[in-house]
Amino acid sequence: MSSIKVTTPTAQYEVVISPGLLRTLHRRVRTLSPKSRLFVITSPNIWKLWSKPFLASFPTPPEVLFLPAGESHKRLPSVERLAEQLAQKGADRDSLLIAFGGGVLGDMTGFLAAIYMRGIPYLQVPTTLLAQVDSSVGGKTGVNLAAGKNLIGSFHHPLATLVDPELCLTLPAAELRSGLQESVKAAIIRDPKLFRFLETKTEAILAKKPDVKALTRVVTASVQVKANVVNIDERESGPRMILNFGHTIGHTIESATEYKVLLHGQAIGWGQIAALHVSLNRGLITQAEFDRMATLVYAYGPLPPFKATAKKLVALTASDKKRRSGRRAFVLTTGIGSTEIVFDVTDAELLTATQSML
Ligand code: NAD
Ligand code: ZN
């Protein structure tokens, strides 16, 4: 079992990572919150797969509220519907929400917890690799607008994040690999040891039945990277930006393909290749370093093809720029485990890098 502390100016909590944790969930919940009334928020497909071990430790079953799976449901009406259900059931400030699902469900439950009765506590029990290594740590919650992703939201940290890597065993292979791109990112930006582990254990991690021990090590190291960064910069004003490695071009690929062609991690895989090209072209990394990092990104692929020209992708980075008052922050690598945030990457540079990537 590993326990990683997240300590920000507004919150302090632990991310506990332990295979089989789900079967002792009730005890852990009661240690954190002895008396609260529990409301589990989950999706029917996840509940069907995992309700039995989830409920195994509960003396009496908690209330369960359902949200349909999928990014298309990550909208305000879903949050309102859940809030109405909570109100009907008499949930109050002494209630505790348990988000049991992937990033979509965790972001939405966190947001619901942030605004229901002006804020109630919640727990994250993430069920996808992406949610375990990324979205359930850091306190960002929210929903999408037609105008863009996560445009409504708030920072609201969970009481704790309880991670059982065994939950990943039922994930579709593409979802697992998509989450692993965030681990590859964590390794590239901050953790050469994790990088070597991902290089040497690729087969075990990507096996039909993934090796839980290896997976646990990957989850733990990735969470540690995220926690270290969030601890020094909760609101992404500075150092937290390094978590966006691969995300500038990754986001434009998602938006150019209307979020329909690639999973997030697949787009981020492409984005990491683009960022590697910019880093190489600036002489920040050697060809050998480029090859090692690109090989790892591709190893956790495949990165599916998509239809968008390099020109279009670069043009789309303008919206990123707008949001930051004309300054486009870009995260480059200066070697395995180290990064540099720069603001002077030109469109021409990005175009060259993106063309090389495609
Ligand atoms: P997701 O929540 O849509 O889950 C992917 C699919 O896997 C869904 O169909 C889900 O029902 C299914 N699923 C979940 N757990 C399963 C399991 N154990 N077995 C089988 N199927 C399972 O997608 P995601 O990739 O987990 O999360 C993406 C979301 O996370 C996006 O909305 C993104 O904006 C958000 N995100 C948030 C942060 C943050 O800091 N808050 C960071 C990164 C991403
Ligand atoms: Zn991401």
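This is a predicted model: local features need pLDDT of at least 70, side-chain atom pairs count only at pLDDT 80 or more; totals for chains, interfaces and linings use all residues.
Colleague: At what angle do the axes of helix 7 and helix 9 cross?

Modeller: Helices (H or I, at least four residues) and strands (E, at least two) are DSSP runs numbered from the N terminus, and axes are lines fitted to C-alpha atoms, for helices over the stretch in contact, with angles from 0 to 180 degrees between N-to-C directions. The axes of helix 7, residues 192-200, and helix 9, residues 212-232, cross at roughly 155° and come within 10 Å, and the two helices are therefore roughly antiparallel. Their crossing is left-handed, a term for a near helix turned anticlockwise from the far one by less than a right angle, clockwise being right-handed.

Colleague: Which residues of helix 7 and helix 9 meet?

Modeller: Contact is judged from C-beta atoms, placed from the backbone, that lie within 7 Å. From helix 7 come Leu194, Phe197 and Leu198, and from helix 9 come Arg217, Val218, Ala221 and Ser222. By class, this contact holds 5 nonpolar, 1 polar and 1 charged residues, where Ala, Val, Leu, Ile, Met, Phe, Trp, Tyr, Cys and Pro count as nonpolar, Asp, Glu, Lys and Arg as charged, and the others, Gly among them, as polar.

Colleague: How far apart are the axes of helix 6 and helix 7?

Modeller: Helix 6, residues 173-190, packs against helix 7 with the axes 7 Å apart and at an angle of about 135°, which makes helix 6 oblique to helix 7. This crossing, too, is left-handed. Ser183, Val184, Ala186, Ala187 and Ile188 of helix 6 make the contact with Leu194, Phe195 and Leu198 of helix 7, a set of 7 nonpolar, 1 polar and no charged residues.

Colleague: What is the order of the strands in the open sheet?

Modeller: Strands pair if DSSP finds at least two bridges between them. Here an open sheet of 7 strands runs in the order 1-2-9-6-5-3-4, with mixed pairing. Strand 1 (2-7) and strand 4 (63-66) stand at the edges with a single partner strand each, so one side of each has no neighbour in the sheet. Neighbouring strands are turned by 20° against each other on average, direction ignored. Across strand 3 (37-42), strand 4 and strand 5 (95-101) lies helix 2, residues 44-55, which runs at about 110° to strand 5.

Colleague: Are the faces of strand 9 covered or uncovered?

Modeller: A residue is buried if 20 or more other C-beta atoms lie within 10 Å of its own, exposed if 12 or fewer, and partly exposed in between. Both faces of strand 9, residues 160-163, are covered, with Ala160 and Leu162 buried on one side and Thr161 and Val163 on the other. Strand 9 pairs in the parallel sense with strand 2, residues 12-17, over 4 bridges, and Val16 stands opposite Leu162. It also pairs in the parallel sense with strand 6, residues 122-126, over 2 bridges, where Leu123 has Ala160 as its bridge partner.

Colleague: Where is Pro158 found?

Modeller: Pro158 is in the loop between strand 8 (148-155) and strand 9, and it is buried, with 30 other C-beta atoms within 10 Å. Leaving aside neighbours within four places in sequence, Pro158 is in contact with Tyr13, Gly110, Tyr122, Leu123 and Gln124. Pro126, which has its place in strand 6, is likewise buried, with 31 other C-beta atoms within 10 Å. Beyond four places in sequence, Pro126 touches residues including Thr161 and Val163.

Methods. Residues are numbered from 1 along each chain as its sequence is written. Chains are lettered from A and ligands numbered from 1 in the order in which they are written. Angles under 35 degrees count as roughly parallel, over 145 as roughly antiparallel, 65 to 115 as roughly perpendicular and the rest as oblique. Two residues are in contact if their C-beta atoms, placed from the backbone, lie within 7 Å.
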